[in-house]
Amino acid sequence: MTYPVKESFSSGTPPAPAALAAKVRTLSPSMTRSMQRVAEAVAEDPAGCAALTVTGLAERTGTSEATVVRTARLLGYPGYRDLRLALAGLAAHQQSGRAPALTTDIAVDDPIADVVAKLAHDEQQTLADTAAGLDTVQLGAVVAAAATARRIDVYGAGASSLVGMDLAQKLLRIGLLAHAHADPHLAVTNAVQLRSGDVAIAITHSGSTDDVIEPLRVAFDRGATTVAITGRPDGPVTQYADHVLTTSTARESELRPAAMSSRTSQLLVVDCLFIGVAQRTYESAAPALAASYEALAHRHRPRSR
């Protein structure tokens, strides 16, 4: 299956300096090689690049001025001048005395204590990157749509399906009609029933999982409000998304593929979405949540002998 190519330029408020490194890590895999060189340069040496003109950065990275400007725009800045200001801010942040980051490369012979430390650091960085890069305007729009939706469908495959089930379960417990679909056939047949006023949410780290894109496309065609939670904001899934919530991910390793590391950031976005909906629907959500707790309370009480 082929999809139209959409060039993704960020709009709205440019990312804060602290969010720049996270943005580079998230978008770099989907950039052209020349744009990657520019992005990697600004992330690795923000102070040095902040001192360069657009011509100087193009010469340093062996690219063109147009590539530098396009990279700045893809990272969320109106132009190179705005990127330079962010680089200066990032450089100041890095020089504030923080300890150097741990490496997250896990070796087969690492002691378990080192594994724990590396994974903990990895998870913390992933959550920080996701929070820094999350578009709260888009998140607010999704919250508003979900809070008043007649029905909410969630699509995911593999590890993302587990995140989808987590979201659906949370929404059900505050009284909303939500279903998670891991089976692609059922996902499509359910999407056919959606209409304006419904919400469809696709969760895919790669942004190119056909089994997730297809039901979202059907929901989009039916007039439902569509949402993509993805690590690739320029991926095919966004062609059918009214709103895109971008996740970050830790670096992959042989022992920890993207499917594992991406779930951390997806769960953060899902929790933010759920809390936002619960806040907006508090008058009905609070009693529903209390009722679900009460219905399950007997399962958690110690049994009398």
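# Cavity, salt bridges and cores in a predicted model

Author: Ala22, Lys23, Thr26, Leu27, Asp129, Thr130, Gly133, Thr246, Thr247 and Ser248 line the largest cavity. The model is a predicted one.

Reader: What volume does the largest cavity have?

Author: About 80 Å³.

Reader: And how many cavities of 30 Å³ or more are there?

Author: The count comes to four.

Reader: Back to the largest cavity. Which elements give two or more residues to its lining?

Author: Helix H1 (17-27) and helix H7 (112-133) do. The largest share comes from H1, with four residues.

Reader: How do the lining residues divide into nonpolar, polar and charged?

Author: Two are nonpolar, six are polar and two are charged.

Reader: Switching to salt bridges. How many does a search of the whole structure find?

Author: Eight. One of them joins Asp45 and Arg60, with the closest N and O atoms 3.0 Å apart. Asp45 is in the loop between helix H2 (33-44) and helix H3 (46-50), while Arg60 is in helix H4 (residues 54-61), and the two are 15 residues apart.

Reader: What about Arg60?

Author: Arg60 has 44% relative accessibility, so it counts as partly exposed.

Reader: What does Lys170 pair with?

Author: Lys170 forms a salt bridge with Asp166, and the closest N and O atoms are 2.4 Å apart. Both residues lie in helix H9, four residues apart, which means that about one helical turn separates them. Lys170 also meets the side chain of Asp271 in a salt bridge, at 3.2 Å from N to O.

Reader: Where does Asp271 lie?

Author: In helix H12 (residues 258-280). Lys170 is in helix H9, so this pair ties together parts that are 101 residues apart in sequence.

Reader: Is Asp271 buried or partly exposed?

Author: Partly exposed, because its relative accessibility is 33%.

Reader: Arg173 lies in helix H9 too. What is Arg173 in contact with, leaving aside neighbours within four places in sequence?

Author: Ala288, Leu289, Ser292, Tyr293 and Leu296. In the case of Ser292, the C-alpha atoms are 6.2 Å apart in space, although Arg173 and Ser292 are 119 residues apart in sequence. Arg173 counts as partly exposed, because its relative accessibility is 24%.

Reader: On to the nonpolar side. Which residues touch the most other members of the largest nonpolar core?

Author: Ile152, Leu171, Ile174, Ile201, Leu245, Leu273 and Val277, out of 30 residues in that core. Helix H8 (136-147), strand E1 (152-156), H9, strand E3 (199-204), strand E4 (225-230) and H12 each supply at least two residues of the core.

Reader: Take Val277. What is it in contact with, leaving aside neighbours within four places in sequence?

Author: The contacts of Val277 are Val143, Ala146, Ala147, Leu171, Ile174 and Leu176. Among these, Leu171 and Ile174 are also on the list of core residues that touch the most other members.

Note on methods. Residues numbered from 1 in each chain as written. Predicted model: local features only at pLDDT ≥ 70, side-chain atom pairs only at ≥ 80, totals over all residues. Heavy atoms only, no water. Buried < 20%, exposed > 50% of the residue type's maximum accessible area, 1.4 Å probe, protein only. Contact = heavy atoms within 4.5 Å. Salt bridge = Lys/Arg side-chain N within 4 Å of Asp/Glu carboxyl O. 1 Å grid on protein atoms, 1.4 Å probe; cavity = no way out; pocket = protein on both sides within 12 Å on 5 of 7 lines; lining within 4 Å. Points joined across faces, edges and corners; volume = space filled by probe spheres on them. Nonpolar A, V, L, I, M, F, W, Y, C, P; charged D, E, K, R; others polar. Core = buried A, V, L, I, M, F, W, Y, C linked by side-chain atoms within 4.5 Å.
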